[in-house]
Amino acid sequence: MTSANQPAAGRYPAGSAAFPHRDLTGLAGLAPWEILFLLDEAEQWVELNRQPHKRADRLAGLTIINAFFENSTRTLLSFEIAGKRLGADVVNMHAAQSSVKKGETLIDTAMTLNAMRADAIVIRHASSGAVRLIADKVDCPVLNAGDGQHEHPTQGLLDALTIRRAKGDFGKLTVTICGDILHSRVARSNIHCLTTLGADVRVCAPPALMPAGIEAMKVTPFHDFDAALDGADVVMMLRLQQERMSGQFIPSPREYRHLYGLTLERLAKAKPDALVMHPGPMNRGIEIDSTVADLAGRSAITTQVEMGVAIRMACLDVLTRRSRGVEGWA
């Protein structure tokens, strides 16, 4: 493990000042030391998760509700494992079986969850801003597991942790994010996170999938993928989010792969040791070839999944410290 993985004295304030927020609904607006604090906190859980005995009782007696109004097997499983490894009682609420399907409003659901006196609520919702709405109505910490096209903060954090463990100082890195930038909350959280930490971020997409005014997010936009890859230290591919598209955004999957698919030949335009990432699930053969996705020593896709559990453990731990009366946080 490099020295960049270790907490540095004085790089963030002590106690609750290191992360003074009750909720984690997004990464936009967070200070660099607040992000670094969460990354450093996750390191202990990376190590725990690699041991035969993977349980800590830090959250014993606490109840965490995973309220997923939008399906995601991977994210739900990651949050459930994170909560259980910390010793919490974890309850999963699936929207398909919930009263929301019977006409209950989101605020009604929030008030119901609040009345159950959960100690933390993890929320995933198809509408941007829905998580913030619920967070404003409940008394416990709320973690955003993805809301519409807004943000997916723990994905941004786990990607940053993956990059830091492989590459070290963000200020020396060029990160290329390619794919459906327009619809991607993962892209937004990564942009907020990586630019805050000092990385040079490039975004690449077809014109129809590039948000207008993206330069305001302190990134450099490209439509030419080959140019965007030149000298990149990290290449992050995004899934085409057909479920969020209305209308024709690309000519065809075949044409998209030709222009924006990550092949071995195209990867050669990046640095020789460039890291390959993808938040999953992957459309193999469209945005990324299997030969690249499974490339030993270069692909960090399974590592991202591993870091996800550690980051979510860190977030659940940090956000519940005040209610647990942890010294410096009460």
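Hi everyone, and thanks for coming. Please keep in mind that we are looking at a predicted model.

Let's start with the overall layout. The protein is divided into two parts: domain 1 covers 18–152 together with 306–321, and domain 2 covers 154–305. Their centres, taken over C-alpha atoms, are separated by 25 Å. Domain 1 brings 36 residues to the contact, and domain 2 brings 29 residues.

How much area is buried between domain 1 and domain 2? It comes to about 2700 Å², and carbon and sulfur atoms give 58% of that. On the domain 1 side, three residues stand out: Gln 149, His 152 and Met 307 supply 25% of the area that this domain buries against domain 2, more than any other three residues. There are also 4 salt bridges across the interface of the two domains.

Please remember His 152, as we now turn to the database record. In an unreviewed entry, UniProt lists Arg 74, Thr 75, Arg 124, His 152, Gln 155, Gly 280 and Pro 281 under "binding site". In the model, the lining of the largest pocket includes Arg 74, Thr 75, Arg 124, His 152, Gln 155, Gly 280 and Pro 281.

Let's zoom in on His 152 itself. You'll find His 152 in the loop between β4 (142–147) and α5 (153–167). Is His 152 buried or exposed? His 152 has a relative accessible area of 3%, so it is buried. Setting aside its neighbours within four places in sequence, His 152 has contacts that include Thr 75 and Arg 124, both of which are also on the UniProt list. Others in contact with His 152 include Asn 144, Arg 185, Ser 189 and Arg 312.

Gln 155 comes next, and its place is in helix α5. Gln 155 is buried because its relative accessible area is 7%, and the cut-off for that word is under 20%. Again leaving out neighbours within four places in sequence, Gln 155 is in contact with Val 186, Pro 279, Gln 304 and Arg 312. Val 186 and Arg 312 are also among the contacts of His 152.

Another listed residue, Pro 281, sits in the loop between β9 (275–277) and α10 (290–293). The peptide bond leading from Gly 280 to Pro 281 is cis, with omega near -10°. Here is some background: most peptide bonds are trans, and most residues other than glycine have a negative phi.

Arg 117 has a phi near 55°, a positive value, and belongs to the loop between α3 (106–115) and β3 (120–125). Lys 218 also has a positive phi, near 65°, and its loop runs between β6 (200–204) and β7 (220–222). Arg 117 counts as exposed because its relative accessibility is 71%, and Lys 218 counts as exposed at 69%.

Glu 43 forms a salt bridge with Arg 165, and their closest N and O atoms are 2.3 Å apart. And Trp 33 lies in helix α1 (residues 32–49). With 37% relative accessibility, Trp 33 counts as partly exposed. Beyond residues up to four places away in sequence, Trp 33 touches Arg 11, Tyr 12, Pro 13, Ala 17 and Ala 18.

That's the tour, and I'm happy to go back to any of these views.

Methods. Residues are numbered from 1 along each chain as its sequence is written. This is a predicted model: local features need pLDDT of at least 70, side-chain atom pairs count only at pLDDT 80 or more; totals for chains, interfaces and linings use all residues. Side-chain values use heavy atoms; hydrogens and water are left out. Helices (H or I, at least four residues) and strands (E, at least two) are DSSP runs, numbered from the N terminus. Buried means under 20% relative accessible area, exposed over 50%, partly exposed in between (1.4 Å probe, protein chains only). Contact means heavy atoms within 4.5 Å. UniProt positions are given in the numbering used here, feature names are shortened, and annotations may be inferred rather than shown by experiment. On a 1 Å grid over the protein atoms alone, a cavity is a set of points where a 1.4 Å probe fits but cannot get out, and a pocket is an open set with protein on both sides within 12 Å along at least five of seven lines; lining residues have an atom within 4 Å of a point. Domain bounds come from an automatic or database domain assignment. Buried area is the accessible area (1.4 Å probe) that two parts lose on being put together, summed over both. A salt bridge is a side-chain nitrogen of Lys or Arg within 4 Å of a carboxyl oxygen of Asp or Glu.
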